[in-house]
Amino acid sequence: MNADDLSATKTVKKVYIVTQGCQMNEYDSEKMGDVLGQSHGMVVTKDINEADVLLMNTCSIREKAQEKVFSELGRWRKLKEKNPDLIIGVGGCVASQEGDNIQKRAPYVDMVFGPQTLHRLPELYENSQKAKSVFDDKTKTKNRIGVVDVSFPSIEKFDFLPEPKVEGYKAFVSIMEGCSKYCSFCVVPYTRGEELSRPLDDVLAEIASLAEQGVREINLLGQNVNGYRGEKDDGSICRFSELLHYVSHIDGIERIRYTTSHPLEFTDDIIEAYKTLPKLVSHLHLPVQSGSNAILAAMKRNHTIDVYINQINKLKAIRPDLHLSSDFIIGFPGESDADFADTLNLAKELDFDHSYSFIYSKRPGTPASDLPDDVSLDTKKARLAEFQEVIKKSTFAKTEAMVGQTVRVLVEEKADRYEGHLHGSADNTRSVVFAGGEELLGKFVLVKITAAKSMHLVLGELVSVLD
Ligand code: SAH
Ligand code: F3S
């Protein structure tokens with residue numbers, strides 16, 4: 001290494017990024033690293049102690065996540081005491097909701113930005129370098145003031161993001177931002193703004209570029225992807241089912257997933273797409289939240305259980321091998337024993353492949369936060385445990401039922417813990433480990449499953465290579 005290279009490596013700044021919450025945040029965090037890489041040559045580090053910039057991409061969907069933000073920031077303060085030049089940034093939904101309150105509570109935070117302004121990070125970082133700094137006796141840190149941007153500048157974020165770069169064979173592509181459904185319990189419409197779809201050509205160009213870099217599986221991302229209404233070149237509107245057709249035509253992409261969708265917009269044209277598009281995986285994540293019509297109404301989900309069951313039945317008629325997963329909220333205000341029994345029965349009837357379930361968390365500013373809640377926390381906890389037991393049983397039963405079957409697997413990486421083995425994912429999201437050489441990385445293969453190791457992990461033997 002010559003002297004020039006050496007001085008270059010010395011000045012390379014390192015950014016450490018912590019992500020809370022959803023896949024949208026995972027996607028955004030990656031983009032944060034990308035924009036700072038492009039603008040300031042920063043590299044992402046996994047070692048917090050060598051970082052020059054610390055970023056926290058926060059989630060406010062439930063209270064617990066929000067509490068963690070400030071406890072983690074407390075730890076970061078200690079690092080800043082030792083290194084006054086450290087820059088601390090808070091982004092994501094807590095930042096969006098709290099704005100400059102974050103700096104009131106944690107004055108050592110230098111930058112605050114929302115999910116829709118992360119592309120402005122380079123500018124915020126520049127401003128933080130120029131901002132007046134004062135030493136705060138209380139926190140014992142050097143604090144910079146007022147670098148806050150939590151606005152919702154329409155969809156401009158995507159126009160400023162660098163070309164996507166990938167390492168693996170699976171990638172997320174955000175197709176829309178925000179949500180306009182306003183479920184009565186949910187903060188997302190307030191923290192991420194109303195629904196806004198990316199133009200069709202932008203989405204397709206991003207996916208084509210990912211495919212050229214070796215990506216085989218695409219997960220179309222958004223709070224409510226089936227509400228996608230992207231503008232086409234000629235000014236007309238592209239619906240989600242049409243987008244699926246376009247994505248299916250991109251060479252190299254063999255598996256298409258999407259998260260998350262809403263039953264209200266899970267329309268027949270989307271169901272029909274499963275007939276004609278074999279690349280659409282036979283796995284659907286469709287949150288239902290509750291099995292009780294009264295609770296669904298109070299949640300402002302605007303559909304009944306029959307509508308949901310009918311949609312699933314229609315899809316199962318096309319794809320009998322469908323793997324179904326969902327989200328549930330247990331203990332919504334006013335949930336009676338009978339309402340909860342309805343939720344349990346729905347879980348048993350639909351026999352979910354897996355599911356996420358949470359105790360209702362009161363979110364400030366949402367309509368549900370004003371509802372009287374007479375269900376005790378103990379009851380809610382007991383209901384959640386009972387519900388999760390049902391889900392666990394069906395998840396495990398489905399994993400065990402894979403034994404003896406031959407399934408399609410995307411080979412993703414060498415399996416760390418099994419010498420000479422590879423690790424991949426089946427259509428139903430299970431992890432599959434089998435013996436094989438590195439030449440199979442990035443290929444789809446058929447694997448005969450020989451054993452279930454845990455709820456989500458199975459072992460198998462290679463049968464054949466698809467492509
Ligand atoms: N866009 C998705 C949901 C995004 S939030 C949809 O269509 O439903 C992810 C999940 O978090 C939700 O499905 C819900 O089950 C859960 N969730 C959202 N707000 C919540 C709250 N206040 N308390 C508990 N769980 C919540
Ligand atoms: Fe939240 Fe309902 Fe939208 S759960 S993200 S408001 S669909």
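Where is the place of Thr260? Select it and you'll land in the loop between β15 and α11 (268–276). Those labels come from DSSP runs numbered from the N terminus: helices are H or I with at least four residues, and strands are E with at least two.

Before we move on, some ground rules. This is a predicted model, where local features need pLDDT of at least 70, side-chain atom pairs count only at pLDDT 80 or more, and totals for chains, interfaces and linings use all residues. Residues are numbered from 1 along each chain as its sequence is written, chains are lettered from A and ligands numbered from 1 in the order in which they are written, and side-chain values use heavy atoms, with hydrogens and water left out.

**Stop 1**

A cis peptide bond links Thr259 to Thr260, with omega at about -10°. Most peptide bonds are trans, and most residues other than glycine have a negative phi.

Now select Gln289, in the loop between β16 (283–285) and α12 (293–298). Its phi is positive, about 75°, although Gln289 is not a glycine. Is Gln289 buried or exposed? At 7% relative accessibility, Gln289 is buried (buried means under 20% relative accessible area, exposed over 50%, partly exposed in between, using a 1.4 Å probe and protein chains only).

Next comes Lys300, in the loop between α12 and α13 (305–318). Lys300 also has a positive phi, near 60°, and is a residue other than glycine. Lys300 is partly exposed, with a relative accessible area of 47%.

**Stop 2: the open sheet**

Select β9, β12 and β15. They make an open sheet of three strands in the order β9-β12-β15, with parallel pairing (two strands pair if DSSP finds at least two bridges between them). Which strands stand at the edges? They are β9 (170–174) and β15 (255–259); each has a single partner strand, so one side of each is left without a neighbour in the sheet. From one strand to the next, the twist averages 25° (axes are lines fitted to C-alpha atoms, for helices over the stretch in contact, and angles run from 0 to 180 degrees between N-to-C directions).

Zoom in on β12 (residues 217–221): five bridges pair it with β15 in the parallel sense. Look for Asn219, which stands opposite Arg257 in β15.

Helix α9 (residues 200–212) lies across β9 and β12, running at about 165° to β9.

**Stop 3: ligand 2**

Click on ligand 2. What surrounds ligand 2? The shell includes Cys179, Cys183, Cys186, Gln223, His262 and Arg301 (a residue is near a molecule or strand if one of its heavy atoms lies within 4 Å of it). By class, that shell has seven nonpolar, two polar and two charged residues (Ala, Val, Leu, Ile, Met, Phe, Trp, Tyr, Cys and Pro count as nonpolar, Asp, Glu, Lys and Arg as charged, and the others, Gly among them, as polar).

An unreviewed UniProt entry places the feature "binding site" at Cys179, Cys183 and Cys186. UniProt positions are given in the numbering used here, feature names are shortened, and annotations may be inferred rather than shown by experiment.

Look at two of these cysteines. Cys179 lies in the loop between β10 (176–177) and α8 (188–191), and Cys186 lies in the loop between β10 and α8 too. Cys179 is buried at 10% relative accessible area, and Cys186 is buried at 15%. Leaving aside residues up to four places away in sequence, Cys179 touches Val188, Gln223 and Asn224, among others, while Cys186 is in contact with Ile61 and Thr366.

**Stop 4: the barrel**

Last, select β19 to β23. You get a closed barrel of five strands, running β19-β20-β21-β23-β22 with mixed pairing. Neighbouring strands here are turned by 50° against each other on average, direction ignored. Strands β19 (residues 406–414) and β20 (residues 421–426) run antiparallel and are joined by five bridges. Find Glu413: its bridge partner in β20 is His423.

Finish at Lys443, in the loop between β21 (431–435) and β22 (444–452). Lys443 is partly exposed, at 32% relative accessibility.

Conventions: Contact = heavy atoms within 4.5 Å.
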